[in-house]
Structure formats: C-alpha cells, structure tokens
Amino acid sequence: MTKPNNNNNNDTAGADRLKNTRWEAFCVHYTGKHRRNGAAAYRAAGYKPKTPEVATVCAIALLAKPNIQARIKHLNDEALKIEQLHARDAVSRLAVIATAKITDFLDERGRVDMAKVVSSPLSAAIQEVTWQKHKGKEEVRIKLKDDMKALELLGLTLKEPEATGQNNVFIIEA
C-alpha cells in the first residue's frame, strides 16, 4: 500500500482559503498592500503585537508554516496571471489603435457610420467623436488615436533622434 503524497507540490496547494481567518488575512496582506512586509501584514491581519519586534518574530513564525507558504505562493501566482492578462489586453488594444483606419468607420458614401463607431471592435481606436452643424446639416466627425504612438508603445517602431529629421519604421510581423 502506498502512502498519499502530502508534500503539497501539486497545482492546487494553497488554492483554498485558510480556515484561520487571521492567517488568510495575513497571506492576503503579505501578497497585496503590504507586499513582502511580514510585520505590516501581521498587524493588518488584526494581530496586536506589543512591539514592532514581536510583530516581526510572529510574522516569521507564520511564514515558516507550510500551509501559509503554499497560500502565499498561490496568491502570488494568481496575481501574476492577472498582470499577464492585463498586459495581453494592453497589447491587443494598442494593436487595434495601430491598425485602425478612418475608412473602417465610414459608410459607402464616405460618411461616418455611427453603427460602426458604436459596435466595431475597432472603436477602441477612436479618440473623439464630435457633432456639429455645417450649412444647416449635422455632421459627425471622428478622430482616431495616434497610430504611430501605439506602434511605439508596442515596441514596433524605432524613432531616430530629432536632429536627423528622419523617422524609420520597422514593423515586425508575427
């Protein structure tokens, strides 16, 4: 008969909230607002140490517990996934800005098509929509965000110093 593996090296270690609410709060504060500051996380979790030194010693004791280590690792991994998701979203939005053209929002007569402005996946590229009367007719104008700035932020362009008066654009296709 084999013994179950209790070394907590699997992917679910630390996924469940700790039953001790102060320990859970300590882990949340240690991975969040009081990043890697054990004494501050200890106090934020509701403990009332008599001195800062006591807070530090108690935090070290908590950090030595395997279930707290697993919970902190899990919370850090989840935070990293969220940060990566935000980075992917930013790249996606910048790509929309970099590739959108004014014609993406026009109808066949060359006028702004409000349905495209409102519902197009490219609408993230719109900086401004204005309505104005011109010769008794209402006109809609749109201004797109700076596509070159988006490319620069994506790291797909290289601008030469202003002294040369020349901008080279390098686009890397995936």
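Helices here are DSSP runs of H or I at least four residues long, numbered from the N terminus. The structure is a predicted model.

**Figure 1. Overall view of the protein, with 6 helices and 2 strands.** Read from the N terminus, the order of elements is α-α-α-α-α-β-β-α. The protein has 174 residues, and 24% of them count as buried. Taking contacts between residues at least 6 apart in sequence, 41% join residues at least 24 apart.

**Figure 2. Helix α1 (residues 21-31) and its buried residues.** The buried residues of α1 are Glu24, Phe26, Cys27, Tyr30 and Thr31. These residues lie on the same side of α1, because the arc they cover around the axis is only 155°. At the start of the helix, Asn20 places a side-chain oxygen within 3.0 Å of the backbone nitrogen of Arg22.

**Figure 3. The aromatic pair of Phe26 and Tyr30 in helix α1.** The whole structure contains 2 aromatic pairs. In this one the rings of Phe26 and Tyr30 are stacked, at 5.8 Å centre to centre and with 20° between the planes. Phe26 and Tyr30 are 4 residues apart in α1, so about one helical turn separates them. A residue is buried when its relative accessible area is under 20%. Phe26 has a relative accessible area of 0% and is therefore buried. Tyr30, at 12% relative accessibility, also counts as buried.

**Figure 4. The aromatic pair of Tyr42 and Tyr47.** The rings of Tyr42 and Tyr47 are stacked, with 4.1 Å centre to centre and 5° between the planes. Tyr42 and Tyr47 are both buried.

Figure 5. The average pLDDT of the protein is 79, and 81% of the residues score at least 70.

Definitions and conventions: Residues numbered from 1 in each chain as written. Predicted model: local features only at pLDDT ≥ 70, side-chain atom pairs only at ≥ 80, totals over all residues. Heavy atoms only, no water. Buried < 20%, exposed > 50% of the residue type's maximum accessible area, 1.4 Å probe, protein only. Arc of directions from axis to C-beta. Polar contact = N/O pair within 3.5 Å; in protein donor to acceptor, adjacent residues only side chain to side chain. Contact = heavy atoms within 4.5 Å. pLDDT = per-residue confidence, 0-100. Phe/Tyr/Trp six-rings, centres within 6.5 Å; stacked < 30°, edge-to-face > 60°.
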